[in-house]
Amino acid sequence: MSRKASANVEYTLRSLSNLMGEKRRRQQEGGGGGAGPGAAGERSLIAAAESCSSLASAASGGELERAARRQFQQDETPAFVYVVSVFSALGGFLFGYDTGVVSGALLLLKRELNLDALWQELLVSSTVGAAALSALAGGALNGLCGRRPCILLASCLFTAGAALLAAARDKETLLGGRVVVGLGIGVASMTVPVYIAEVAPPHLRGRLVTINTLFITGGQFFASVIDGLFSYLAKDGWRYMLGLSAFPAALQFLGFLFLPESPRWLIQKGQTQRARRILSQMRGNQAIDEEYDSIKNNIEEEEKEVGAAGPVICRMLTYPPTRRALIVGCGLQMFQQLSGINTVMYYSATILQMSGVEDDRLAIWLAALTAFINFLFTLVGVWLVERMGRRKLTLGSLAGTGVALIILALGFLLSAQVSPRVTLTPPDPSHHNSTCTKYSYCNGCMLDPDCGLCYKLNKSSVVESSCIPVDKDSTVKAAWGRCSNETVFKKEDLFWAYNFCPTPYSWTALMGLILYLVFFAPGMGPMPWTVNSEIYPLWARSTGNACSSGVNWLFNVLVSLTFLHTAEFLTYYGAFFLYAGFAGLGLVFIYGCLPETKGKKLEEIESLFESRLCTCGTAESDEGRYIEYIRVKGSNYHLSDNDASDVE
Ligand SMILES: O[C@H]1[C@H](O)[C@@H](O)[C@H](O)[C@@H](O)[C@H]1O
């Protein structure tokens, strides 16, 4: 008999005997009346007894299992789990908002505070750098203090950072604020998925953790709308943009004052009575005994197997299943960033401009549309994750992302091939021979961050074009010459193209951009976070997530910082072909190494990494089989619990 088949029989027999045993026990206790230990338990008992007879009469194993599942699905997941998940996911919202809002704020800031390119770069990358560091440090903090204090700490950092940014009088304070916000993002990004995974029931875990990424992309979308709205406010608009995040952060802080610690962390720390009570709250009328026992046994076994001596990361690296899980988790996060999501998001305004959108403000709003597509298709991911499973969803998503990247690259390639010629070389009035004059095609001019193209249109072809240095303070005009005064050159039907070339093939790039988000957002966006929250055993979960989140942030900085240089060396299409190549490598890696974790208890997932890495993907999966508890007890919470080591 195959492993799967035997597991199913064992499962259904266990479920059935649990139901029978429970019914017998209740009958012996003179049950059947309504005054039992809890009305919920009583209802479950009646339902269990009813389904028990239907189970007993079920002829085949399949029917038996279906009946068991129907019974299980009648047990509703309490709203409390959703409330807890949504309050935690506010951390994701703030992650998305604070990383997304800065581009719009910079447009205003650089004018008001006279920021040069270095300071602009610092304000963007200091946050991501701080997030990388605090995600790594968050592992130890999570293990020591628990998930709840870490989420509280993150919301404090978000609030303090936002207040600092809104009140800043100089660029140094702004830098301080961005670092504080970054520290919050790092801690939140590694703690929230772990916390949600630990409180969620197995059949909803993927969906609830994916909601966190939905909140990330929701935060990015919201940030782009706020950027659009406040861009009309010439003075202090950036204060509102950067300061508004204090509200959701304070809301999360207040909420978490009343929300509980993760029951798994409590069991690990020996606070079993509190853990039982919280688990009971999270499961409503479902029995928690098996889940509780399984968590507890698992912790004890882990301690025996791996020991408790030495730093966790060393134990993880020397114990093959956790080492493999770490490679899979970090690999997923690395390939998420290497497939270029943040350059696509960052570059969306330019791609849209290439498609003929000349107005800056319209480009901002269209960038909000891009963020909206990312958000909308993450929602599709929330819907698909428990249907398709993590593995298929990630593979399909990355394959589509790769194809979209190729289309995007082809769009740029075609545009480069029909790149307009530079026909005029006006003399530089300051007699500084700029490099811009050496370009004979728009394509070269566009790739040089110091130059832009000033041109006229005759029907749809570019005429009277010149490559001129860009104004140091604003990329919307040239430093000198015909395109140096925005109002004048617009009246004279002249156009200024910075960062893009007018081309008839821009629709290919636009199509690539949309396809990219449609494929990336449901799978490669959320799955690295979701899978990482599930694949490590409890003793290694904080450290595993700290490492993989650190890798995510590290590659985020690396890819965004090198994008312009990569484009200069390889051209834009070369850069997107490169990302498509990374997506191809990622596909091979995921195909070989990512096991299916759908529906499994967190405690069972470690066994998926027992065989050699790169056989995980081919290992027989138990897809479609939920681990569900259908034994029904009168009350989940026993005051007489001998385990109680934390009597309150
Ligand atoms: O999962 C998220 C999401 O896809 C975001 O859109 C992206 O900006 C982040 O870097 C990523 O980690």
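Trainee: What is R205 in contact with, leaving aside its neighbours within four places in sequence?

Mentor: A197, A200, E386, R390, E534, T597, K600, K601, L602 and I605. Contact means heavy atoms within 4.5 Å. Bear in mind that this is a predicted model: local features need pLDDT of at least 70, side-chain atom pairs count only at pLDDT 80 or more, and totals for chains, interfaces and linings use all residues. Residues are numbered from 1 along each chain as its sequence is written, and side-chain values use heavy atoms, with hydrogens and water left out.

Trainee: Which side chain makes a polar contact with the side chain of R205?

Mentor: That of E534, at 2.7 Å. The backbone oxygen of T597 also lies 3.4 Å from a polar atom of the R205 side chain. A polar contact is a pair of N or O atoms within 3.5 Å; within protein, one must be able to donate a hydrogen and the other to accept it, and residues adjacent in sequence count only if both atoms are side-chain atoms.

Trainee: Why does R205 count as buried?

Mentor: Because its relative accessibility is 1%. Buried means under 20% relative accessible area, exposed over 50%, partly exposed in between (1.4 Å probe, protein chains only).

Trainee: Which helix does R205 lie in?

Mentor: Helix α9. Helices (H or I, at least four residues) and strands (E, at least two) are DSSP runs, numbered from the N terminus.

Trainee: And T210, buried or exposed?

Mentor: T210 counts as buried, because its relative accessibility is 0%. Not counting residues up to four places away in sequence, T210 touches G381, V382, V385, P526, M527 and T530.

Trainee: Change of topic. Which residues are around the ligand?

Mentor: T213, T217, Q220, Q336, Q337, N342, N374, F520, G525, W529, N552 and N556. The cut-off is a heavy atom within 4 Å.

Trainee: Which helices each supply at least two residues of that shell?

Mentor: α9 (202-230), α16 (320-338) and α24 (538-593). α9 gives the most, with 3 residues.

Trainee: How many of the shell residues are charged?

Mentor: None; the shell has 2 nonpolar and 10 polar residues. Ala, Val, Leu, Ile, Met, Phe, Trp, Tyr, Cys and Pro count as nonpolar, Asp, Glu, Lys and Arg as charged, and the others, Gly among them, as polar.

Trainee: What lies 3.1 Å from an N or O atom in the side chain of N374?

Mentor: An oxygen atom of the ligand. For Q220, a side-chain N or O atom is 2.8 Å from a ligand oxygen. G525 uses its backbone: an N or O atom there lies 2.8 Å from an oxygen of the ligand. Taken alone the ligand exposes 300 Å², and the protein buries 98% of that.

Trainee: Now α5. Which of its residues are buried?

Mentor: In α5 (residues 102-112), V102, G104, A105, L106, L108, L109 and K110. Their cover includes α4 (79-100), α6 (117-145), α8 (171-199), α9 and α10 (237-243). Just after α5, N114 takes a positive phi of about 55 degrees.

Trainee: What pLDDT does the protein chain average?

Mentor: 81, and 80% of the residues score at least 70. pLDDT is the predictor's confidence in each residue, from 0 to 100. Over residues 1-61 the pLDDT is below 50. Over residues 619-648 it stays under 50. Where pLDDT is low, the predicted coordinates should not be read in detail. The model scores ipTM 0.98 and pTM 0.78.

How values were computed:
Accessible areas come from the Shrake-Rupley method with a 1.4 Å probe; for residues, only the protein chains shown count as cover.
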